[in-house]
Amino acid sequence: MLTAFAVLLCVTAVLAYLNERFLHFPTTVGVTLAGAVASIGLITLDALGVPGLRGWASGVLETLNFTEFVLNGILSLLLFAGALSLNAGQMLRQRVSILTLALLSTLLSTFLIGFAAYFVFALVGLNVPLMWALLFGALISPTDPVAVLDLLKRAQVPARIETLIAGESLFNDGVGVVIFLVLAGLAGVGEHHAAPGLMGALTLFGREALGGMLFGALLGGLGYVMLRTIEQHAVEVLLTLALVVGGYVAAAALGLSGPLAMVVAGLVISATKDTAFGQETREHVEGFWETIDQVLNILLFAFIGLDVLLTETSGRQVLASVLLIGVALAARWISVALPFALVRAREGYGAYTVRLLTWGGLRGGIAISLALGLPESPYRPHLVTATYAVVLFTIAVQGLTIMPLVHRASAAVRE
């Protein structure tokens, strides 16, 4: 395990260096593309008869286990760091629009993509059951907060737009994981089995989502009480780290949503950091979490690109994946535009905001880790291939072309 992680760390450092030195793409986009190109290169060498390299690299990635690496590893740190970096007061002022998008948009997108995927898979002759198609809709609907936040920091968008997009991505990430777990429970393929029927699903959703947020608020409050009574930055960094790692494990043990708990805990600490920390200590703590955030998200997106090595595809899977890229994009637009119509006039957002939310809806490691975490079945390879296709499209195409929309949305806010 240590050797595999050392290899990943060294390869990621080289990819990040090459991107910063020569390509100058946003870091998450650059390392993902470089990793994917490196993976395709190894696949090509293997096809040409150069033995050993692809097998060795695949063994390294399988040792690390992408699902464990993300869902039970770095996700808690990334979500807490992302929430800590936000202006909690600004987020509270925009809570209606953020929560409306996070809940309604994710639910609507799940079913739009799920039903459309069912017909797309049938169209190309893959015949995936409806419940598995809905699982695909659930895992691909949440936008990835890591990818989104990285782009927003580079774009320097107005605070209201940044808070809206970042807040929605942080919360829809947690909501999407909960929806996925509920559907997996109903399908009998997950760890959390829901009772049959609508009430069973709602009970499981309520326990995971609401329970996770309440637990996160409790963790954040406990952290604040402890942090405000001391003034030693190393101990305060240690306390926040223990809060995140220990809190995430405790949430999982209690059957609550760890992602939502971490988002809420991070927001509570963010809202109280003026009184919880002295000026010097705050700089140390925020600097630590900013560094953790940047390093881990580079590792994550390099892993996404390199994991192309593990994806076996067929012609029908590729055709379905191409069609599902369009489906996911259309569903994102519909699922944002309809709920957003309820809050746009009230909140006063500009005309380009829906288009920015749609095109800025990047998918990332969470979608891939959920797909790879599915149990072995005849349908799993179809979902994994489609997930990789959608994720790589959003990162490579949408991530590299979003800046004009960012500038237009910014101008609309100023008008």
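Asparagine 127 is exposed, as its relative accessible area is 52% (over 50% is exposed, under 20% buried, and in between partly exposed, with a 1.4 Å probe and protein chains only). This residue sits in the loop between α6 and α7, where helices are DSSP runs of H or I with at least four residues, numbered from the N terminus. Most residues other than glycine have a negative phi.

Histidine 24 also has a positive phi, near 60 degrees. Its place is the loop between α1 (2–23) and α2, and with a relative accessible area of 56% histidine 24 is exposed.

## About the model

The model is predicted, so local features need pLDDT of at least 70 and side-chain atom pairs count only at pLDDT 80 or more, while totals for chains, interfaces and linings use all residues. Residues are numbered from 1 along each chain as its sequence is written, and side-chain values use heavy atoms, leaving out hydrogens and water.

## Aromatic pairs

Rings of Phe, Tyr and Trp (its six-membered ring) pair if their centres lie within 6.5 Å; planes under 30 degrees apart are stacked, over 60 edge-to-face, and the rest tilted. How many aromatic pairs does this rule give? The count is 9. One of them joins tyrosine 118 and phenylalanine 119: the planes are at 75 degrees and the centres 5.4 Å apart, so this pair is edge-to-face. Tyrosine 118 is partly exposed at 32% relative accessibility, and phenylalanine 119 is exposed at 56%.

Phenylalanine 121 and phenylalanine 136 make an edge-to-face pair too, with 6.4 Å between centres and 75 degrees between planes. This pair links distant parts of the chain, 15 residues apart: phenylalanine 121 belongs to helix α6 (residues 95–123) and phenylalanine 136 to helix α7 (residues 130–140). Phenylalanine 121 is buried at 1% relative accessibility, and phenylalanine 136 is buried with a relative accessible area of 1%. Elsewhere, Phe66, Phe69 and Phe303 form one aromatic cluster.

## Where α2 meets α13

Helix α2 (residues 27–47) packs against helix α13 (residues 279–306) at about 30 degrees, with axes 7 Å apart. The axes are lines fitted to C-alpha atoms over the stretch in contact, and angles run from 0 to 180 degrees between N-to-C directions. This makes the two helices roughly parallel (under 35 degrees; over 145 is roughly antiparallel, 65 to 115 roughly perpendicular, and the rest oblique).
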